[in-house]
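This briefing is meant to be read beside the sequence and the model. It goes through selected local features, grouped by topic.

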Amino acid sequence: MGDLRNKKIITVATTGAWPTKENTPHVPIEPEEIAEEVYQCWKSGAAICHIHCRDDQGRAAMEFPKFRKTVELIRARKDCDIIINLTTSGGVGLSEDDRIKPFSELLPEMASYDCGTMNWQHATVFENNPVFLEKLGLLMQEKGVKPEIEVFDPGMIYNAQYYAKKGVLKAPIHFQFCMGVAGGIKGSVKNLVFMKEVMEEVAPGSTWSAFGVGPSAMEILFAAVAMGGHVRVGMEDNVYYRKGVLAESNMIFVERARRIIEEFGCEVANPAEAREILGLK
Ligand code: ZN
């Protein structure tokens, strides 16, 4: 297996809640499209896939049949051992019961856990209230699903510290620093350094990954690799490969992340290695 300290996990978030086929014809929307994209991204080096589904109109939705179908199709590729990570937000404004159902019934190895409420893109409220977060954390423990703690600003790292003290979250925690979303912290190297420092102070021994949306994508990608973190790429966070050029697939994001990791002198973690790093069963 080699030295795990030198291994970087690539998470691919192929779809997310926002991009539509009008924004980019390349975003996978239907379960068949998502599962095929995930398979190809796994071949390119992704160890984790973060999954959102859409309704029949292509809108953000937590429709259980879509999640079931997507997960079944990914699991049906017997050679593919990618770690499945299901969203528990789906978008904003979705019902708590609907947000909980996919992970609690399909039992992926991981699911996202958005560790606080924020004003989302100056447009709406992304609500993750304290009652919901306690219920979500405890249910994830009961089901044996590891939370990926998504934090959009440093305050959410302190929330994670509180929930860890309360037993709602169990160490070692895996953080995803989600940067550059309006309403959250701006994506910059300086801010990433600060986020990492806060994490090390309040949750030592944690693992972490990061991504920047929009213009901060490359800065955060390179910085995360240089600073000892893992990375997330994909159309959930960016539909452009570079300024003005739409990404033709999620695979090209994964391939670029792989090149950056390898040029830096690290190696890309395969799913088995990622399981070791994250303490998955
Ligand atoms: Zn997501």
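Q176 is buried, with a relative accessible area of 0%, where buried means under 20% relative accessible area, exposed over 50% and partly exposed in between, computed with a 1.4 Å probe on protein chains only. The model is predicted, so local features need pLDDT of at least 70 and side-chain atom pairs count only at pLDDT 80 or more, while totals for chains, interfaces and linings use all residues. Residues are numbered from 1 along each chain as its sequence is written, and side-chain values use heavy atoms, with hydrogens and water left out.

- Q176 lies in strand 11, and here helices (H or I, at least four residues) and strands (E, at least two) are DSSP runs, numbered from the N terminus.
- Leaving aside neighbours within four places in sequence, Q176 is in contact with E148, I149, E150, V151, S209, A210, F211 and R232, contact meaning heavy atoms within 4.5 Å.
- Between the C-alpha atoms of Q176 and L136, which are 40 residues apart along the chain, the separation is 17 Å.

**The zinc site**

- H50 (NE2), H52 (NE2) and E236 (OE) coordinate the zinc ion at 2.0 to 2.1 Å; donors are N, O and S atoms within 2.8 Å of the metal (3.2 Å for Na, K and Ca), and because water is not among the atoms, sites may look incomplete.
- Along the chain, the donors of the zinc ion follow the spacing H-x1-H-x183-E.
- H50 counts as buried at 1% relative accessibility, and H52 is buried as well, with a relative accessible area of 4%.
- H52 sits in the loop between strand 3 (48-51) and strand 4 (53-54), and, not counting residues up to four places away in sequence, H52 touches T15, G16, A17, I34, F67, T87, S89, G90 and E236.

**Helix packing**

- Two packed helices are described by the angle between their axes and the distance between the axes.
- Helix 5 (residues 154-166) and helix 6 (residues 189-202) pack at an angle of about 15 degrees, with their axes 10 Å apart; axes are lines fitted to C-alpha atoms, for helices over the stretch in contact, and angles run from 0 to 180 degrees between N-to-C directions.
- That angle makes helix 5 roughly parallel to helix 6, a term for angles under 35 degrees, whereas those over 145 count as roughly antiparallel, 65 to 115 as roughly perpendicular and the rest as oblique.
- Helix 5 passes helix 6 in a right-handed crossing, meaning that the near helix is turned clockwise from the far one, while a left-handed crossing has it turned anticlockwise by less than a right angle.
- Helix 5 contributes P154, I157, Y158 and Q161 to this contact, and helix 6 contributes F194, M195, V198, M199 and V202.
- The residues of the contact of helix 5 with helix 6 divide into eight nonpolar, one polar and no charged, where Ala, Val, Leu, Ile, Met, Phe, Trp, Tyr, Cys and Pro count as nonpolar, Asp, Glu, Lys and Arg as charged, and the others, Gly among them, as polar.
- Helix 2 (residues 64-76) and helix 3 pack at an angle of about 35 degrees with their axes 10 Å apart, and their crossing is right-handed.
- That contact is made by F64, F67, R68, V71 and R75 of helix 2 and K101, P102, E105 and L106 of helix 3, and its residues divide into five nonpolar, no polar and four charged.

**Helix 7**

- A217, I220, L221, A223, A224 and V225 are buried in helix 7 (residues 217-226), and what covers these residues includes strand 1 (7-8), strand 12 (207-212) and helix 8 (251-264).
- Just after helix 7, G228 takes a positive phi of about 90 degrees.

**Backbone exceptions**

- Most residues other than glycine have a negative phi, and most peptide bonds are trans.
- L107, in the loop between helix 3 (96-106) and strand 7 (110-114), has a positive phi of about 50 degrees although it is not a glycine, and L107 is partly exposed at 45% relative accessible area.
- The peptide bond from A171 to P172 is cis, with omega near -5 degrees, and P172 lies in the loop between helix 5 and strand 11.
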